[in-house]
Amino acid sequence: ATGGEKTGRDAAIGAALGAGVGYYMERQARQLEQQMAGTGVTVTPNANGNIDLVMPGSITFSFDDATLNNSFKPTLDKLASTMNEYNQNTITIAGHTDSKGTDAYNTKLSRDRAYAVANYLSARGVASNRINVVAYGESRPVADNNSDYGRQQNRRVELTVNAPNSVR
């Protein structure tokens with residue numbers, strides 16, 4: 001109300017840009033959901049307008065290893081194709097482990113796993129300056145580490161497709 005004569009115009013421009021980004025992200029989420037169907041990867045649009053993909057360790061890596069399973073590479077090929085098509089996004093790849101092993105070891109393993117995914121996507125044409133890697137080790141469990149099932153849920157790579165500031 002006190003922003004001056006351009007406040008309404010600026011709000012309208014912001015709303016239009018926001019709507020464009022929303023549509024861009026909705027289309028991308030639908031495409032990712034279709035491509036990831038049946039792969040074990042979950043695709044969930046989140047409250048921030050981003051898209052979360054959870055890649056369980058059971059399908060991406062062998063236990064205690066950061067080498068991508070060959071059977072998972074076609075799934076990552078589809079992901080890379082979509083990331084190249086929707087090239088306005090940045091991507092955050094977060095590695096997670098269960099609580100077996102030391103904190104330092106698990107942080108390194110989670111970093112190595114996240115980088116394995118990042119490097120694979122880069123090799124498939126996703127610009128490396130769009131990719132950010134973080135390693136959480138065992139610090140962000142999604143299940144109880146006192147059971148085999150829980151530990152398996154905690155061994156994962158999470159990828160967040162971040163909404164662009166604006167879409168041209």
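What share of the protein's contacts with a separation of 6 or more comes from residues 24 or more positions apart? The answer is 71%. A contact here means heavy atoms within 4.5 Å. The model is predicted, so local features need pLDDT of at least 70, side-chain atom pairs count only at pLDDT 80 or more, and totals for chains, interfaces and linings use all residues. Residues are numbered from 1 along each chain as its sequence is written, and side-chain values use heavy atoms, with hydrogens and water left out.

**Figure 1. The whole protein has five helices and five strands.** From the N terminus on, the elements run α-β-β-α-α-β-α-β-α-β. Helices (H or I, at least four residues) and strands (E, at least two) are DSSP runs, numbered from the N terminus. Of the 168 residues, 38% are buried. Buried means under 20% relative accessible area, exposed means over 50%, and partly exposed lies in between (1.4 Å probe, protein chains only). The protein exposes about 9000 Å², and carbon and sulfur atoms supply 49% of this area. Accessible areas come from the Shrake-Rupley method with a 1.4 Å probe; for residues, only the protein chains shown count as cover.

**Figure 2. Five strands form an open sheet.** The order is E1-E2-E5-E3-E4, and the pairing is mixed. Strand E1 (42-45) and E4 stand at the edges. Each has a single partner strand, so one side of each is left without a neighbour in the sheet. The twist averages 20° from one strand to the next. Two strands pair if DSSP finds at least two bridges between them. Strands of a sheet pair through backbone hydrogen bonds, either parallel or antiparallel.

**Figure 3. Strand E2 (residues 51-56) and E5 pair in the antiparallel sense.** Six bridges join E2 and E5. Pro56 stands opposite Arg156 in E5. Helix H3 packs on the sheet and touches E2, E3 and E5. The direction of H3 makes about 165° with that of E2. Helix H4 also packs on the sheet, touching E3, E4 and E5. The direction of H4 makes about 155° with that of E4. Axes are lines fitted to C-alpha atoms, for helices over the stretch in contact, and angles run from 0 to 180 degrees between N-to-C directions.

**Figure 4. Arg124 and Asp77 meet in a salt bridge.** The N to O distance is 3.2 Å. A salt bridge is a side-chain nitrogen of Lys or Arg within 4 Å of a carboxyl oxygen of Asp or Glu. The structure holds five of them. Arg124 lies in the loop between helix H4 (103-123) and strand E4 (131-137), while Asp77 lies in helix H3 (residues 73-85), 47 residues apart. Arg124 is partly exposed at 37%, and Asp77 is partly exposed at 33%.

**Figure 5. Arg155 forms a salt bridge with Asp98.** The closest N and O atoms are 2.5 Å apart. The pair links distant parts of the chain, 57 residues apart. Both residues are buried.

**Figure 6. Glu158 forms a salt bridge with Arg156.** Their closest N and O atoms are 2.8 Å apart. Glu158 is partly exposed at 24%, whereas Arg156 is buried at 4%.

**Figure 7. Over residues 8-18, pLDDT stays under 50.** pLDDT is the predictor's confidence in each residue, from 0 to 100. For residues 8-18 the model has one contact beyond four places in sequence. Where pLDDT is low, the predicted coordinates should not be read in detail. The protein averages a pLDDT of 87, and 86% of the residues score at least 70.
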